[in-house]
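Take a look at the model below.

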Amino acid sequence: MNDNKWWKSAVIYQIYPRSFADSNHDGIGDLQGIISKLDYLENLGIDAVWLSPVCKSPQDDNGYDISDYQDIDPMFGTLEDMDELIKEAGKRNIRIIMDLVLNHSSDEHYWFKEAKKSRENPYHDYYVWRDGAEGTPPNDMRAAFGGSAWEWVPEIKQYYFHQFAVKQPDLNWENPKLRKEIYTMINWWIEKGVGGFRLDVIDQIAKEPDKRITNNGPRLHEFLRELSKETFQKADLVTVGEAWGATTELAKLYSNPDNSELSMVFQFEHICLDQLEGKEKWDLAPLPFLRLKEVFGRWQEELFEKGWNSLFWNNHDLPRIVSRWGNDGKYRVESAKMLAILLHGMQGTPYIYQGEELGMTNAAYEIEEYRDIETLNLYKERLENGYAKEEVMRSIHAKSRDNARTPMQWNDEKNAGFTEGTPWIKLNPNYKEINAAKQVNDRNSIFSCYKELIRFRKQYPVFVRGNFQMLLANHESIFAYIREDDQTQLLVICNFYDQTVDCPYKMPGEDMRLLISNYKDTDQNFILRPYEARMYLGEK
Ligand code: GLC
Ligand code: CA
């Protein structure tokens, strides 16, 4: 296996720009805000920042609806700010990863404005059109954010296809001219010195709506190989593909070590477990713990030396993990650290989503405080379909994407130090208690725990290349595993719940030393306290 790729020992930090730091007091985070926090990120020790989209956009889906791929939205700053960010981050050995939204553009993109003018327009075929009569779309496919996936354009008497919002028309990857324009744009960003790309819903680009195919279309991997050859392979980049529909088999195609497609996948099998089978994420179900272990174990084993995975609990689309599968009350600190230790011992590239390193929690607001298009559409749709308001709000409190989008909590001052203006979305009121200022210099903080875990990955090769063996696979509350390479063993033992439990696995003897744990007085006994996590290292 090629261990030399920098991104195999890297830890990536995701920034959601509008909620990170506001430099000009308009209530919205921006590029200068990020620049002002680079020292914080350097201190944490991360290698790269994945920036959610900052390109020009009407912000219908907070930037995942791009109207100019080669300009920065004025809300975030200018291209000069972007150059400065790349340069200033570079000084601190931090690479900037751009978010490429290539499945769709905004309907305000020049291409689409042209495309909808006439069927003969040179840009028409950049999008996915079908004939039909008004009120009778080509089929009954639904969009991810509610409603039909087809939108009628009376001027040309055709429907366009959109897998997400109405203002996010799908791009037609079948068109070679469009693909070429995309490559030119990507190469322009590579020239600017970015460290890589995150590819938004990349498994959906090869759609075939007539056959109801959205993800994993027949031409997907052909498109990806061409994309990679024309762009990414020219530089030493990290590329990560968001793929909700990836299986371990498909992941080996995406992330084949021969570098023909992408560096790694970002897949969601583990994170979709707490919902009713065959239903939506809003249809809540308790986490099936044994399945969680089975899923993690399978991905660890099957990708070993054949592919590369991302390790994450959080991103801008997911609720906060400490509220979701940890405990955001009495054991917030212990459980946040346990979840970090559990994840960061595995093989793959760990991602930390802003605020996760502080143990930030979900927010439970009234519906008026939500901003996310998905949440607002869902609320409307479910009420119309006869759901009780309390039930809908329970789902939203548990799963709304806005849980992750409340402003970063820097300190206990006005607006948590995020802005001096009015924040675009309400702050989580717990910022007086949970904030960066309180944690950066505290050796026992969640922040310090993450900092150490990041350092271990660089210090001990077993984190990067060790194999994986699940222990106690059928235990109802302990998550434990061993990683091994020729020289070293790494043992991780976690109590996933709030009850003390006897550990049937024999704790290691003197040959292994405790690297990190989340309780102060850890001894070599067999009793794990609530959310107790231990990581041991030993030479073979
Ligand atoms: C991805 C993004 C999400 C966005 C969607 C449409 O899933 O992570 O935020 O809404 O794609 O672009
Ligand atoms: Ca601002």
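Is asparagine 24 buried, partly exposed or exposed? The model is predicted, and the answer comes from computed areas. Asparagine 24 has a relative accessible area of 44%. Buried means under 20% and exposed means over 50%, so a residue in between counts as partly exposed. Asparagine 24 is therefore partly exposed. Isoleucine 28 has a relative accessible area of 15%. That value is under the 20% limit, so isoleucine 28 is buried.

Now turn to ligand 1. Ligand 1 sits in the largest pocket. Around it are 14 residues, and the closest are Asp61, His104, Asp200, His316 and Asp317. By class, the shell holds seven charged, four nonpolar and three polar residues.

Which side chains place polar atoms by the oxygen atoms of ligand 1? Histidine 104 is one of them, with a polar side-chain atom 2.9 Å from a ligand oxygen. Glutamate 242 has a polar side-chain atom 3.0 Å from an oxygen of ligand 1. For arginine 401, a side-chain N or O atom is 3.0 Å from an oxygen of the ligand. Taken alone, ligand 1 exposes 300 Å², and the protein buries 97% of that.

Methods:
Residues numbered from 1 in each chain as written. Chains lettered and ligands numbered in written order. Predicted model: local features only at pLDDT ≥ 70, side-chain atom pairs only at ≥ 80, totals over all residues. Heavy atoms only, no water. Near = heavy atom within 4 Å. Polar contact = N/O pair within 3.5 Å; in protein donor to acceptor, adjacent residues only side chain to side chain. Areas by Shrake-Rupley, 256 points an atom, 1.4 Å probe, with all protein chains shown as cover. 1 Å grid on protein atoms, 1.4 Å probe; cavity = no way out; pocket = protein on both sides within 12 Å on 5 of 7 lines; lining within 4 Å. Sits in = over half its atoms within 2 Å of the grid points. Nonpolar A, V, L, I, M, F, W, Y, C, P; charged D, E, K, R; others polar. Buried < 20%, exposed > 50% of the residue type's maximum accessible area, 1.4 Å probe, protein only.
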